[in-house]
Amino acid sequence: MLGLPLRRKKDDFRQAFTEFSKSLTLIIDLEQLKDNVISKIRECIRVDSIQIFLLNPDLNRFELAETRGLDIIKRSSLYFSSDEPLVRWFTINETHLLISEKPAVFSYFNEHEQGILSELKVTLISPLMVMNRITGLVCIGSKSDDSDYSPEEIELLDTLLGQASFAFENAFLYHQQKTRLKKMYRADRLATAGQLAAGAAHEIRNPLTSIRSTIQYLQKDFRDDNKRVLLDSLIEEVDRINEIIEGLLSFSKPSTPQTENVNLDYLLEQTLSLVATTAKKRNITVGYNFNAPEKTVNADTSQLKQVFLNIIMNALQAMDEGGFLSISVDLKKTNSFSGTPRESFYIMFRDTGVGIPPEHIEHIFDPFFTTKKDGTGLGLSISYGIIQQHGGEIEIESRTMSDYPKNHGTTVSIMLPIFKTAHNHHHTAGKKDGAEDTRG
Ligand code: ADP
Ligand code: MG
């Protein structure tokens, strides 16, 4: 009686699985891959919910990357750190975990991990592994009919996710390569734009100086108030042009940073206090979390402040109808090109503003790119130059209202090495430039 339906089920599994493995390795788009894996699991086994956590190598933790079947509100707190019990267990055991079978393992996990598993109603966890490295975790809820998972189902799932692991790795490497190429292209474009801008700025500065002094000279001859006011406003305009040019020059050739030991926490607090009134006026709540165990960074205080101020002001300006700006600082370990581990601060500014449409995102670092009535379009390009000079990286991710009606906003992340090490080729190249800087 029972034999037949079971066998048919098995055949269905096998067929679904063969098709799946064939298609999988061809998918390099991460979104599509996550989608595919989830629907395949659901095709084979009727389950209530599935969550995929993927490794974020920057923060060394597994973050929620895709979810089905649950309404998730506090997404940002859903992660498993690599050096905590849950991931450690999977690294050692290299196999799935059926929680009902091993309650002792569940109690070995820490409170944060147990909380997540309970909140997501997870009954089965399967690791995504490449070689013996864990790259992701797939958390699965109960079966829709509340029955237990059969050994066949679990075996199928293991095989399925074994294939998926390689596909994820593939997609990840592809994505990494693409990002790298994009960055190279951007750096090149900015260098060219910078040279052009510097040339133009020099040309403009001299005639501007003579315009300004001529106006000042003429002012003496006008006692008539109306005409004096006109000349005053001319001077103001000239000063504004001058400011833009100063900005341009500092962007194209940021002065070599005057580095000192800076308390990053203090610097951010200070910057935040500068904008507190503006934020309040705009009905924006600012959250600030300093999570790094270390506070000191070797950097140029005023340049960093300029970067933070730029980014925070952009965020505030993106939120016309109130919202949230959350700023967090973490410390992460990375490997430099030569493989030497180094430590960097990872500073994130997340706003709930209008976001940046995809067609703009490639241009926001370009000098003069602005969508604001009286913007200069120099803030981000200057920031980019400064962070580069510090051996760091700056990145922006954004979703607009039309993409994601609920989850829109912009995230700016800055990676800032505690010390600029000699392995950094910007530094080695910078020595020559530095010598020139003092001359010109
Ligand atoms: P400006 O602020 O003078 O326009 P920036 O270089 O600082 O120049 O920014 C360039 C453009 O990038 C802005 O005009 C805006 O369109 C976009 N932008 C930057 N930050 C954000 C943000 N947090 N939210 C939405 N758009 C942003
Ligand atoms: Mg700006």
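In which sense do strand S5 (residues 124–130) and strand S6 (residues 133–140) pair, and over how many bridges? In this predicted model, S5 and S6 pair in the antiparallel sense, over seven bridges, and Leu137 in S6 is the bridge partner of Pro127.

Helix H3 (residues 85–93) packs on the sheet, where it touches strand S2 (61–68), S3, S4, S5 and S6, and its direction makes about 110° with that of S6. Helix H5 (residues 111–119) also packs on the sheet, touching strand S1 (50–56), S3 and S5, with a direction that makes about 150° with that of S3. The sheet itself is open and is formed by six strands in the order S3-S2-S1-S6-S5-S4, with antiparallel pairing; strand S3 (79–81) and strand S4 (97–98) are its edge strands, each of which pairs on one side only.

Ligand 1 is surrounded by 18 residues, of which the closest are Asp351, Thr370, Thr371, Lys372 and Leu380. By class, this shell around ligand 1 has seven nonpolar, nine polar and two charged residues. Polar side-chain atoms that lie close to atoms of the ligand include the following.

| Residue | Atom of ligand 1 | Distance |
|---|---|---|
| Thr371 | oxygen | 2.5 Å |
| Lys372 | oxygen | 2.7 Å |
| Thr410 | nitrogen | 3.3 Å |

Taken alone, ligand 1 exposes 530 Å², and the protein buries 93% of that area. Helix H9 (301–317) and helix H11 (379–389) are the elements that give two or more residues to the shell around ligand 1.

Key. Residues are numbered from 1 along each chain as its sequence is written. Chains are lettered from A and ligands numbered from 1 in the order in which they are written. This is a predicted model: local features need pLDDT of at least 70, side-chain atom pairs count only at pLDDT 80 or more; totals for chains, interfaces and linings use all residues. Side-chain values use heavy atoms; hydrogens and water are left out. Two strands pair if DSSP finds at least two bridges between them. Helices (H or I, at least four residues) and strands (E, at least two) are DSSP runs, numbered from the N terminus. Contact means heavy atoms within 4.5 Å. Axes are lines fitted to C-alpha atoms, for helices over the stretch in contact, and angles run from 0 to 180 degrees between N-to-C directions. A residue is near a molecule or strand if one of its heavy atoms lies within 4 Å of it. A polar contact is a pair of N or O atoms within 3.5 Å; within protein, one must be able to donate a hydrogen and the other to accept it, and residues adjacent in sequence count only if both atoms are side-chain atoms. Accessible areas come from the Shrake-Rupley method with a 1.4 Å probe; for residues, only the protein chains shown count as cover. Ala, Val, Leu, Ile, Met, Phe, Trp, Tyr, Cys and Pro count as nonpolar, Asp, Glu, Lys and Arg as charged, and the others, Gly among them, as polar.
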